[in-house]
Amino acid sequence: MESEALEFLNLFSPVLTHLSHLSSAEAFREPHVRGLLDGLFRDLRGFVSAIELSEAKSSYLVFFMWFYPHMGILLRGIEANFDNTVAIVGLKLVSELVLNRAQFMQLLLTCASTILKNTLAGNYVHFGVFDLYNDPALDIALDVVFQMMMNIPIEDLMSFPKLTLAFFNMIDVFSKGQLLKMKDISLQAIEYIFRATAEGIRGSDKVISTASCNTVENICTFLFNEQVKTNTFILSPPPPGSSTPSPTSATLGGSSGTPTSAIAVSGSSHVLLQRFGAQPHLIHMQLRRILEAIVVEEANDWSLSRPLLPLVLLDRAYFDFFVGKLISGQLEQRQGAFQELMEGIQYNLHPINKNKFTQQVLTFRRNMMAQNFIILLPPKEEF
């Protein structure tokens, strides 16, 4: 099979040889060259995507070793045709190359690539290596991604299904690790991510909603753990008896019932603590959005419960304030359902505590449906 694959790939050698002799960007923009690049990129992408899983590793390595000396042609072709569809076709080829379907590349931590989502998900590289060698490549790539991201209005982002899916899949993977390791990220980028995920949760697409919930859970879990570890609380302080770095026994009690303001966060704190400390309304917005989805929408309750708990732990005062507004609009015999939502929940994110909270959210939803609750959301002006 390897010899057959190599025989097929060698059919492209004359085209690659011709392209390798082109010496300028202008030459790569000639109409007939664009045609060659377009056909070449499409054919090679088709070959990679058609590799059967049973023969994936050997066939892919044959392709990789054959194509690697010609990578310069791919890069030059994309750069020279940045304003043409040829670049899109070339980027799709790169995306297919780094997808690492079925883990057919067992490169572990030794090979980095530049297509962000597939690279982050493919476990190619320990990204701390970039800092170790003072290599700015990853920071530059992420900066470009954020600039491109913020140039797309969120309304437009949500209007194009392929773009929407690509964005939320990328940000879901990104928030699992790389975001938490960044030395700096702009407040505008953080706000964009949180506002976009709020829209994703609002939508009816379960895949988008789940990816949005995952992103919020990843970020807020990190914020909670980091602020407990450093004893730097950006919003609500811990309840009495739970100020130790690993709280296990303190039950969340009531609070003052009014929203809290941000406190000053030390410049030595993690950049995410600094950003959310400067804009606490992002936590409030996301907390309200998820609560609204739980009480008034046909929602994925399990997915919504996962980010809700770290959001509540980050700002219990705002949670109590919002829920208090909801309770005030209910009949007295129905008010207990809201109060039971947090009954017995501890000030930690241990799996047992998270699972208990998820079960209570599901029970709360069932009670709402069974008793035909009519929920009147408080006006946003009250917040």
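Buried means under 20% relative accessible area and exposed over 50%, with partly exposed in between (1.4 Å probe, protein chains only). The views show a predicted model, in which local features need pLDDT of at least 70 and side-chain atom pairs count only at pLDDT 80 or more, while totals for chains, interfaces and linings use all residues. Residues are numbered from 1 along each chain as its sequence is written, and side-chain values use heavy atoms, with hydrogens and water left out.

**View A. Salt bridge between E199 and R202 in helix α14.** A salt bridge is taken as a side-chain nitrogen of Lys or Arg within 4 Å of a carboxyl oxygen of Asp or Glu, and here the N to O distance is 3.6 Å. The two residues lie three apart, about one turn of the helix, where helices are DSSP runs (H or I, at least four residues) numbered from the N terminus. E199 is partly exposed because its relative accessible area is 29%, and R202 counts as partly exposed because its relative accessibility is 40%.

**View B. Salt bridge between R288 and E292 in helix α17.** The side chains meet at 2.7 Å, N to O, and the residues, both within the helix spanning 281–296, are four apart, about one turn. Both R288 and E292 are buried.

**View C. Salt bridge between D184 and R275.** The closest N and O atoms are 2.8 Å apart. This pair links distant parts of the chain, 91 residues apart, with D184 in the loop between α13 (178–181) and α14 (187–202) and R275 in helix α16 (residues 271–278).

**View D. Network of salt bridges linking R29, R34 and D83.** By the rule stated for View A, the count comes to twelve salt bridges.
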